[in-house]
Amino acid sequence: MVVVNLVEKFGVDDVLERSWELPAEVIEPLRAHVEVTPGGWVVDVWPVTARLAAIVQPWVDEPIDVDPDSWFVSSAQATA
């Protein structure tokens with residue numbers, strides 16, 4: 001099983017518009033703000049706050065609006 005950490009952007013009617021995979025080096029800065037497993041995977045889904053946006057923005061190629069209903073950090077199982 002391969003798990004990836006993501007930033008996800010949702011649009012109208014909570015439809016996923018886009019997602020960005022986060023590199024492993026972003027996990028340590030995230031630990032202070034979200035729950036992360038010892039293996040480095042984000043537990044649950046976390047709304048992107050201004051602090052989280054500052055951490056993940058370098059890996060997202062569009063400006064993050066910290067509207068709590070649109071942007072989230074999470075983990076997902078990916079196909080290898």
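This is a predicted model: local features need pLDDT of at least 70, side-chain atom pairs count only at pLDDT 80 or more; totals for chains, interfaces and linings use all residues.

Trainee: Where does proline 29 sit?

Mentor: Proline 29 is in helix H1.

Trainee: OK, how many helices and strands are in the protein?

Mentor: Two helices and four strands. Starting at the N terminus, the order is β-β-α-β-α-β. Both kinds are DSSP runs numbered from the N terminus: helices are H or I with at least four residues, strands are E with at least two.

Trainee: What about the radius of gyration?

Mentor: The protein has 12 Å, which agrees with the value near 12 Å that a compact globule of 80 residues would have. That radius is taken over C-alpha atoms, and the globule rule is 2.2 Å times the number of residues to the power 0.38. Along the principal axes, the C-alpha atoms fill a box of roughly 35 × 30 × 20 Å.

Trainee: And how much of the protein is buried?

Mentor: 39% of the 80 residues count as buried. The accessible surface comes to about 4900 Å², and 55% of that belongs to carbon and sulfur atoms. The areas come from the Shrake-Rupley method with a 1.4 Å probe; for residues, only the protein chains shown count as cover.

Trainee: Which residues have the most contacts inside the largest nonpolar core?

Mentor: Val7, Leu30 and Val56, in a core of 18 residues. The elements giving two or more residues to this core are strand S2 (16-22), helix H1 (27-30), helix H2 (50-56) and strand S4 (71-78). H2 gives the most, with four residues. By nonpolar core I mean a set of buried Ala, Val, Leu, Ile, Met, Phe, Trp, Tyr and Cys residues joined through side-chain atoms within 4.5 Å.

Trainee: What is valine 7 in contact with?

Mentor: Leaving aside neighbours within four places in sequence, valine 7 is in contact with Arg18, Ser19, Trp20, Leu22, Val56, Val60, Trp71, Phe72 and Val73. Contact means heavy atoms within 4.5 Å.

Trainee: Val60 is on that list. Is valine 60 buried or exposed?

Mentor: Valine 60 counts as buried, because its relative accessibility is 5%. It's found in the loop between H2 and S4. With the neighbours within four places in sequence left out, valine 60 is in contact with Val7, Trp20 and Trp71.

Trainee: Where does aspartate 67 lie?

Mentor: Aspartate 67 lies in the loop between H2 and S4. At 29% relative accessibility, it counts as partly exposed. Its C-alpha is 8.1 Å from that of threonine 49, 18 residues apart along the chain.

Trainee: Changing topic: which value does phi of aspartate 14 have?

Mentor: Near 60°, a positive value in a residue other than glycine. Most residues other than glycine have a negative phi. Aspartate 14 is in the loop between strand S1 (2-10) and S2, and it's exposed, with a relative accessible area of 58%.

Trainee: And what's the phi of aspartate 44?

Mentor: About 70°, positive although aspartate 44 is not a glycine. This residue is found in the loop between H1 and strand S3 (46-47), and it's exposed at a relative accessible area of 54%.

Trainee: What does glutamate 17 touch, leaving aside neighbours within four places in sequence?

Mentor: Glutamate 17 is in contact with Lys9, Phe10, Gly11 and Val12. It lies in strand S2. Glutamate 17 and serine 70 are 53 residues apart in sequence, and 9.5 Å apart from C-alpha to C-alpha.

Key:
Residues are numbered from 1 along each chain as its sequence is written. Side-chain values use heavy atoms; hydrogens and water are left out. Buried means under 20% relative accessible area, exposed over 50%, partly exposed in between (1.4 Å probe, protein chains only).
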